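I am opening a notebook page on a structure I have not read before.

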Amino acid sequence: MEIYKHLLLRFNGVTQFNIITISSTTLEISFKKFVGCSTTVPIRLFSKLASAMKTIKEKYLTYNDKKVHIRIKMDEEDDRYLIRISGINKIPPGKIFNLFGLILYYYLKFISGIKPSKSVYGRELTEKWKIEEKYTRDELRSTPKNIVVTNFVMPCYICGKETDLILHWQFLFTREKRYIDIQTRVCEKHRSEVL
Ligand SMILES: [Zn+2]
């Protein structure tokens with residue numbers, strides 16, 4: 001789960017709000033209400049995420065993993081809209097990371113009422129995140145790696161194709177100043193990809 005925390009630090013560092021947090025194996029996306037805020041934007045985000053999760057489940061999870069609880073739900077509380085995705089420890093981290101841009105888009109729309117591309121602040125933050133996202137990927141990709149052949153096949157974490165390869169790699173978890181071991185299922189084509 002440290003990889004998720006690492007990715008979230010990067011995201012929240014750019015946005016400066018804790019829009020996305022993690023609690024145990026649940027990812028929480030929180031939009032704080034304010035007077036006149038949109039009710040439709042959080043619902044729109046929820047339906048986008050729900051369909052993304054459906055695709056992820058079908059493409060990247062084995063039957064055994066599907067049986068564990070990976071769920072997405074939305075709650076409206078007094079002061080916020082809350083979307084929870086539980087069971088993320090079974091989901092390839094890169095797939096969740098891919099959704100951060102979408103979450104940012106809807107968050108910016110939620111607070112401003114307009115498309116991010118139509119405001120200076122929206123454009124600025126979107127651009128900042130793009131740079132940070134690329135930097136994070138490049139940084140993780142450049143870590144020491146080691147490929148192992150296993151005796152069972154599972155979907156590649158990048159493209160979903162069945163593979164018996166597993167990539168072992170490490171990253172520096174800056175918050176705790178230690179290296180974390182990670183395993184990523186990869187196919188022949190994606191053998192150097194980590195997320
Ligand atoms: Zn692949």
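This is a predicted model: local features need pLDDT of at least 70, side-chain atom pairs count only at pLDDT 80 or more; totals for chains, interfaces and linings use all residues.

**Strands and helices looked up**

Next I looked up how strand β6, residues 162-173, meets β7, and the two pair in the antiparallel sense over nine bridges. Widening the view, I found an open sheet formed by three strands in the order β5-β6-β7, with antiparallel pairing. I marked β5 (145-155) and β7 (178-186) as the edge strands, since each of them pairs on one side only. From one strand to the next, the twist averages 30°.

I then asked myself which strands helix α1 lies across. Helix α1, residues 2-15, lies across β6 and β7, and it runs at about 60° to β6.

My last entry concerns two helices, α5 (residues 100-112) and α6 (residues 120-141), which pack at an angle of about 165° with their axes 11 Å apart. Because angles over 145 degrees count as roughly antiparallel, α5 is roughly antiparallel to α6. I also recorded that α5 passes α6 in a right-handed crossing.

For the residues at this contact, I listed F100, G101, L104, L108 and I111 in α5, which meet Y121, G122, L125, T126 and W129 in α6.

Definitions and conventions. Residues are numbered from 1 along each chain as its sequence is written. Side-chain values use heavy atoms; hydrogens and water are left out. Two strands pair if DSSP finds at least two bridges between them. Helices (H or I, at least four residues) and strands (E, at least two) are DSSP runs, numbered from the N terminus. Axes are lines fitted to C-alpha atoms, for helices over the stretch in contact, and angles run from 0 to 180 degrees between N-to-C directions. Contact means heavy atoms within 4.5 Å. Angles under 35 degrees count as roughly parallel, over 145 as roughly antiparallel, 65 to 115 as roughly perpendicular and the rest as oblique. A crossing is left-handed if the near helix is turned anticlockwise from the far one by less than a right angle, and right-handed if clockwise.
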